[in-house]
Structure formats: structure tokens, C-alpha cells
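Dear colleague,

Please find below the structure that I am handing over to you, together with its sequence.

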Amino acid sequence: MSTSEEAVSLADAMQRHFGFRSFRPFQEAIMRDAMAGRDVFAVLPTGGGKSLCFQLPALVRPGITVVVSPLIALMKDQVDGLQAAGIPATFLNSSLAAGESRPRLRGLWAGEYKLLYVAPERLLLSGFLEDLKQWRVNQIAIDEAHCISEWGHDFRPEYRQLSDLRQHFPGVPMMALTATATERVRGDIVRQLQLREPSIHVATFNRPNLTYRVVAKSSGYEQLLRLIRSKGWESGIVYAQSRKTTESLATRLRADGVAAVAYHAGLDSAERARNQEGFLRDEVKVVCATIAFGMGIHKPNVRFIVHYDLPKNIEGYYQETGRAGRDGLPGDCLLLFSPGDAQKQMQFIAEKPDPKEQALARAQLRQMMHYAETASCRRAELLGYFGETWTDVPCGGCDNCLNPRGTYDGTVEAQKFLSCVFRVRQHSGFGVGVQHVIDVLRGADTERVRKWGHEQLSTYGIGKELDKTAWSRVARELLRLGFLAQDEGQFSTVSLTDAGRGVLRARTPITLTRPVSAPSAPRTRAGEIACDEALFEVLRGVRKKLADELGVPSYIVFGDVSLRQMARLYPTDEDAFRRVQGVGDRKLREFGPAFMEAIAAHVRTAGRQTF
């Protein structure tokens, strides 16, 4: 098949089965490389269409594509969606009883399936590998490939076994896909999977439909409740660091009339599955979760993500915020920030037995602190972490660009702090941590101050006008501005940089940024689709009824993008309905009549709006 014939074949299959009329960025190039038999490594943002990159080629060539996935829920979710679109797909994992597995295995031997989803532990069982070699495997796709790297934020030991795949299937092309990978993690993935001269596709990490905000955590729960109530019926996830906090938040939200559940690794599997299923089916509005929840959850209409506690690292934060707005419609990402959260995490890090792990965790936490406190564009900060330069500032989608924080002349405070760092090292011959510098500035009578004679310093007690919190904020600003450096050792001592010594000598004016404060509403909503909101609510009801009858989440029927287009275009015949994104042949046949009838009834009683 020629390249042009391949493109036509892929585009035709995409429209017929999935109802999409154009490829997203990188998708077509990735598919062409896969069809040519090349190994492929793709980094696409959440919601960027990774799954289609292996699903579509699987439909237009003989044999079966094996998809390695880390989570049982993800497999079922993807297979439900494929089957709803009329695509022969199945999964095998530990959730199936023997009676459920046997007919699937018979179908695999008979060549009835185009896609097989499987967990890494199941894939590498010797008997299963031998069976797989008889099933005409045309490609192996490794989803969430960052799990194979110990440098990634979500390393999973069972993924390491996948490094053996190449020797078992030397002639089968492989595709590795992830949404979050720094350059170091990307290199590790390629080495671990032994990809052979792979074509590498790295899309932008930018999610234009997401708005990023950081606000000072003051009243905590009350701030959270206000936000959730402002979202009406919309779904969201609240991330917290501890299981206890997730339970407490869910309990309080339910008492305040919000359909909320907790999700963490301490719940038994039945309760976790029940809570997740309620969320996927829109019966639960909010999930209060630890990071145990979310990877591979393909719920496209999550409209907001709240980080109730400070995340441990930027990679995890990026992936967790990425669970909002997977359908391309607007999503809000709010981080409630308290420096005290960082102090708690530093204490946990100190308990890690491996010094290298401690150093890495401290460095990652400081990067997260820098992100939370920066006054510059948050989108640029996030993308910069992944090695991408973002120059379109203001971005129109973060608090710092929409409502820039004020600045003030912080020369006096900065000079005092830098001078104190200099005097301590000059007097003692060694550096100290930020908190000890603050004790000296505030004239504290501590054992260490007396032990090292720091009450004799000229800077002792010259900073009593600020409390510890305010001085800590000044210190973090000076670190961010590059006037101070902090080592990664156990005691995290600070020292002056060349730039810091320069401004200290020259008494250069220093402008500091005011801290994050109360939240402000975003002024723009990238990705929004204006539509007849009353009709949209009617169509949500139709979707829920059909989904419940099928026993699947609502978005398996149609996503919010499809419903909003219906509520904008008012399609009441098959030709018009087919033009709605996400309407393929099977869904037109099975679901179209119910939606077209509801649209026609609404138009008769309420008329049409103009957009």
C-alpha cells in the first residue's frame, strides 16, 4: 500500500469508526511510521490522542495489536469505548474469572480481535508469551511508558520486565507512549525497551484549554467548598497527600450536600472500584484522592482539578492537572498553597533511607515550591521544566498573566538577609540553613545561636520587624532570583551566589513579588464551545439514560464536545448528525435517533438560538 493510500485508509477508518474528520498534531506521522514497521516513541499531552495512534493502524492491517497498560480500570474503559464504536477489542487481567477469560482466549485463537489490552505481569507469563507468538501480533504498544523509568515520577517495578519483550518478539515493531517525560526519562525509556532507531515524536506539552491558578491556603476547606459550589454539576478531582485528608474532605463535602467519595490505596478493591465507577458514570461529582487515583482514567469531562496540598514534584502535578479537560473544553487547575505543606514534606523526605533519594526528592520539592511562588507565567514555567520554551506571554490562562501580582521595593529586607548569610559564614566558616539565618535576624535565643556565637554578629536581631513566615518568603524569593544558592545535602545550607555578592556590595535595589493571595476568576476560557445550555442539559439526560442501559460511563456514548456541538448545530437528520464530532457509523445507528428526537422536541418548544 502506498503512502497516499495508507493516509486515505487511515482517514476513512477514523471517520467511519470514531467520527473524527481530521488528525490531531503528530497523529498521522506517528501512524505512518507504525504502518511502515518502525519502532515509535511518542510524547503527547493528556488529551492529545495517544490511544488513536495505535488503535487506528490496528484496524487497517491484518493481525492483532497488543497494548500493555498499567491499570485494570484503564483497560476496561478503553475496551468499552472501542466496542461501543464497533471495534473488536478485549482485555485480559486479574479482574476476570476463569469463565470470563475462556471465551476471550477462544476469540484470540480464532483471530476475532484487533486489539488486546493486557497488564505487564500477565503479558510476561511464559505460557502466555508462547500463546501470543501464535496470534499474529503486528505491534506492541506500551502505554504510560514513563512507568518503566526509575527517574520518572510514577516508576512501577513490574514495568521493568518489559525490557525482555524485544528478545521474545524481535521482529515486532514497538510503540511507547507517554504524556509526561523529561529528556532524561525519554532516554531511559528508549534504552529499557531496546527500541531500534525509533522515530521520536515529542508534541508540545502545552494544554491551551487549562487555566492554572495558585492561591494562598487560608481557610482550606471553605475555599474548596466555594470552588466546588461554583462549578454546578461539573466533575472534579481533589488531590491531597494523605489518606486521612481525602477521607475527611469527602465526609465534609457530603455533609454539605456534595456527592463526593474518597479514593486511596488503603480502601479495599471493591470500594475503590465502586467509587471510581460512580465518578465515571457522573453519579459522583467529586473524588477526593491521593495520587493513587487518576492515571489512565479516561473521563474526558473532568472540569476542575484542585491540589489541596502541595504536590511532591512538577511531573506529578502536570500529569494530575492534565486529567482536566481531556475533551478540549475548558478546565480549571487550582493549587492551594501553604509553605507549611513543604515543611511537612521535608520531614517525610528526611526519613527516606537512601541519601540519593533524599537529594532528588528535595530538589523536586524545591522546583515545585518555585512554581507555586513564581510571579512569571505559570504555563512558561511548566513547559520550561520539560525543556520547551514558551514565549507567548501573557498566556491568557494562568493567574499571573490574567492578574499579575504586585511588587514592592524589597531592598532593605534583601540586604539584611544576604548580609546575615555572609556574616554567619564569615564568622563560623560554614553555611547554615534558612531557618537558622532567620533565627539570627530575629534575635532568637536558641541553643545553636549560642553554641556558634551568632548572637555576637552585627546582623543579630536586625530583622525583628518581620515574622518567620515573612522572612521565609523573602528567602525563597532570593533563591528564585538567583542571589542565594541552596545545596541538596541533608542540612540544605544557603550561600551567596556571585550575583548575590554583587548586589550586596553595590546595594543594588531589589524588587520582590508579593505573595499569592485570594483567588481571582479567569477572564478567558480557551476551548469553550458556546451552545444552547438548556438543550445541553436535556442531551446530558438522554446520554445518561442510554449509558445506564448499557452499563457504561456516559462519555462512552458521547463526550461533552459532541453534546455541545449538537446543542449548537441542532442536527435533526442523519446527514447533519453525522457532521457532529465523535459520530461514527455505529454510534449514528445506535444512538442517533434518541438524540435527534430530543433535539427536535426541544426546538419545537423552545426554538433555536443563534451563535
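The largest cavity has a volume of about 30 Å³. Please bear in mind throughout that this is a predicted model.

The cavity

A search of the whole structure finds one cavity of 30 Å³ or more. Its lining is made up of Cys420, Val421, Val424, Arg425, Phe430, Gly431, Val432, Val437 and Val494. By class, seven of the lining residues are nonpolar, one is polar and one is charged.

The seven-stranded sheet

Seven strands form an open sheet in the order β3-β4-β2-β5-β6-β1-β7, with parallel pairing. Its edge strands are β3 (89-92) and β7 (199-202), each of which pairs on one side only. From one strand to the next, the twist averages 15°.

The six-stranded sheet

A further open sheet is formed by six strands in the order β8-β13-β12-β9-β11-β10, and here too the pairing is parallel. β8 (210-216) and β10 (260-263) stand at the edges; each has a single partner strand, so one side of each is left without a neighbour in the sheet. Neighbouring strands of this sheet are turned by 20° against each other on average, direction ignored.

Strand β9 (residues 235-239) deserves a separate description. On one side, five bridges join β9 to strand β12 (residues 302-307), and the two strands run parallel. Ser235 has Val302 of β12 as its bridge partner, while Tyr239 stands opposite His307 in β12. β9 also pairs in the parallel sense with strand β11 (residues 286-289), over four bridges. In that pairing, the bridge partner of Ile237 is Val287 of β11.

How much of β9 is covered? Five of its five residues are buried. Ser235, Ile237 and Tyr239 lie on one side and Gly236 and Val238 on the other, and both faces are covered.

Helix α4

Helix α4 (residues 72-84) has 13 residues, and at 1.5 Å a residue it should span 18 Å; its end C-alpha atoms are 18 Å apart, which agrees. The buried residues of α4 are Leu74, Met75, Asp77, Gln78, Val79, Asp80, Leu82 and Ala84. Buried here means under 20% relative accessible area, so the charged residues Asp77 and Asp80 of this helix fall below that cut-off. Just after α4, Gly86 takes a positive phi of about 80°.

With kind regards

Conventions:
Residues numbered from 1 in each chain as written. Predicted model: local features only at pLDDT ≥ 70, side-chain atom pairs only at ≥ 80, totals over all residues. Heavy atoms only, no water. Expected span 1.5 Å × (residues − 1). Buried < 20%, exposed > 50% of the residue type's maximum accessible area, 1.4 Å probe, protein only. 1 Å grid on protein atoms, 1.4 Å probe; cavity = no way out; pocket = protein on both sides within 12 Å on 5 of 7 lines; lining within 4 Å. Points joined across faces, edges and corners; volume = space filled by probe spheres on them. Nonpolar A, V, L, I, M, F, W, Y, C, P; charged D, E, K, R; others polar. Pairing = 2+ DSSP bridges. Axes fitted to C-alpha atoms, helices over the stretch in contact; angles between N-to-C directions.
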